[in-house]
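Let's take a walk through this structure together, with an eye on aromatic rings and open pockets. Have a look at it first, and then we can start with a single side chain.

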Amino acid sequence: MNETEHFTTDSTKPIHPDDGVLRLYSMRFCPYAHRVHLVLDAKNIPYHSIYINLQAKPDWFVKMSSTAKVPALELVKESGNPVLVESLVICDYLDEVYPEVPLYPTDPLKKAQDKILIQRFGLFIAAIYKLLLDDNPDLDLAELNAGLDIYENELKQRGDKFFGGARPGMLDYMIWPWCERFAALKHDDGTQVELDSQRFVTLLKWRDLMLQDKAVKSFYLDGETHAKYMSSRRAGNANYNMLYHAAKRARRE
């Protein structure tokens with residue numbers, strides 16, 4: 001759980017030591033930025049996290065990023081400090097430049113197939129966002145379940161604990177942020193929505209194993225925390241600093 005405050009419009013750009021360490025511009029509740037945190041942590045790559053208020057972005061961030069979106073990765077060792085954007089582009093770059101802990105298969109065909117499955121996960125992303133952002137969702141899980149069927153069958157066919165084999169790989173980490181947020185879905189009576197235990201036997205085992213992974217644990221938030229953030233976002237006032245303020249209150253008590 002990160003306690004860092006998000007930088008906003010009037011914030012001064014943070015000054016970091018000239019240590020050659022990557023700088024990741026993020027937002028604590030952004031699933032796309034979450035992808036990059038997972039890859040950096042899985043590969044044991046040192047980095048500075050700079051959190052951005054996306055409703056009131058600092059001018060210095062808007063000027064440095066071509067899209068003014070997170071994630072954005074500043075490559076401080078490269079001439080001119082270039083900034084990479086888009087989660088998949090950043091993660092692919094990290095896997096190539098830091099090969100010590102490879103996340104993609106070495107076989108070109110298998111690598112291409114994993115990339116296709118990452119792209120196809122958009123069906124599940126669209127379905128879960130529809131539920132998380134609706135004030136009164138009817139919780140029709142048909143579209144969401146259809147999106148997950150592909151991955152249940154794929155993992156079952158592979159016969160491994162993870163899509164990456166004996167340990168999580170790029171496909172595992174690229175889909176995890178939304179799987180983590182599934183725990184934020186609740187029925188009208190307040191009870192948590194659960195995946196069909198018979199339909200998704202393999203994926204549920206995978207979920208439990210992912211929760212034990214070092215990189216996942218380092219950035220993990222529970223369903224209740226994700227639900228509180230999504231509630232603030234639906235209300236039109238996304239509470240980016242929810243964890244920061246909670247930590248401050250805890251220190252005072």
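This is a predicted model: local features need pLDDT of at least 70, side-chain atom pairs count only at pLDDT 80 or more; totals for chains, interfaces and linings use all residues.

A pair of aromatic rings is described by the distance of the centres and the angle of the planes. Searching the whole structure turns up 12 aromatic pairs. In one of them, the ring centres of Y32 and W178 are 4.9 Å apart and the planes meet at 70°, so this pair is edge-to-face; the cut-off for that label is an angle over 60 degrees. Y32 belongs to helix α1 (residues 31-42) and W178 to helix α7 (residues 170-181), so the contact ties together parts that are 146 residues apart in sequence.

Now turn to F121 and Y151. Their ring centres lie 5.3 Å apart with the planes at 85°, so this pair is edge-to-face too. F121 sits in the loop between α4 (108-120) and α5 (122-132), while Y151 is part of helix α6 (residues 142-158), so here the parts tied together are 30 residues apart in sequence. Both F121 and Y151 are buried.

If you step back, ring pairs join Y32, F121, F124, Y151, F163, W176, W178 and W206 into a cluster. Another ring to find is that of F219: R28 lies over its face, 3.6 Å from the ring centre.

Rolling a probe the size of a water molecule over the atoms shows where empty space is left. The largest pocket has a volume of about 430 Å³. By class, the lining has 15 nonpolar, 3 polar and 4 charged residues.

The second largest pocket has a volume of about 260 Å³. Among its 20 lining residues, C179, E180, F182, A183 and R207 lie nearest the centre. Both α7 and α8 (201-210) supply at least two lining residues, and α8 gives the most, with 4. This lining has 14 nonpolar, 2 polar and 4 charged residues.

Technical notes. Residues are numbered from 1 along each chain as its sequence is written. Side-chain values use heavy atoms; hydrogens and water are left out. Rings of Phe, Tyr and Trp (its six-membered ring) pair if their centres lie within 6.5 Å; planes under 30 degrees apart count as stacked, over 60 as edge-to-face and the rest as tilted. Buried means under 20% relative accessible area, exposed over 50%, partly exposed in between (1.4 Å probe, protein chains only). A charge sits over a ring if NZ of Lys or CZ of Arg is within 6 Å of the ring centre and within 35 degrees of the ring normal. On a 1 Å grid over the protein atoms alone, a cavity is a set of points where a 1.4 Å probe fits but cannot get out, and a pocket is an open set with protein on both sides within 12 Å along at least five of seven lines; lining residues have an atom within 4 Å of a point. Grid points are joined across faces, edges and corners, and a volume is the space filled by probe spheres set on the points. Ala, Val, Leu, Ile, Met, Phe, Trp, Tyr, Cys and Pro count as nonpolar, Asp, Glu, Lys and Arg as charged, and the others, Gly among them, as polar.
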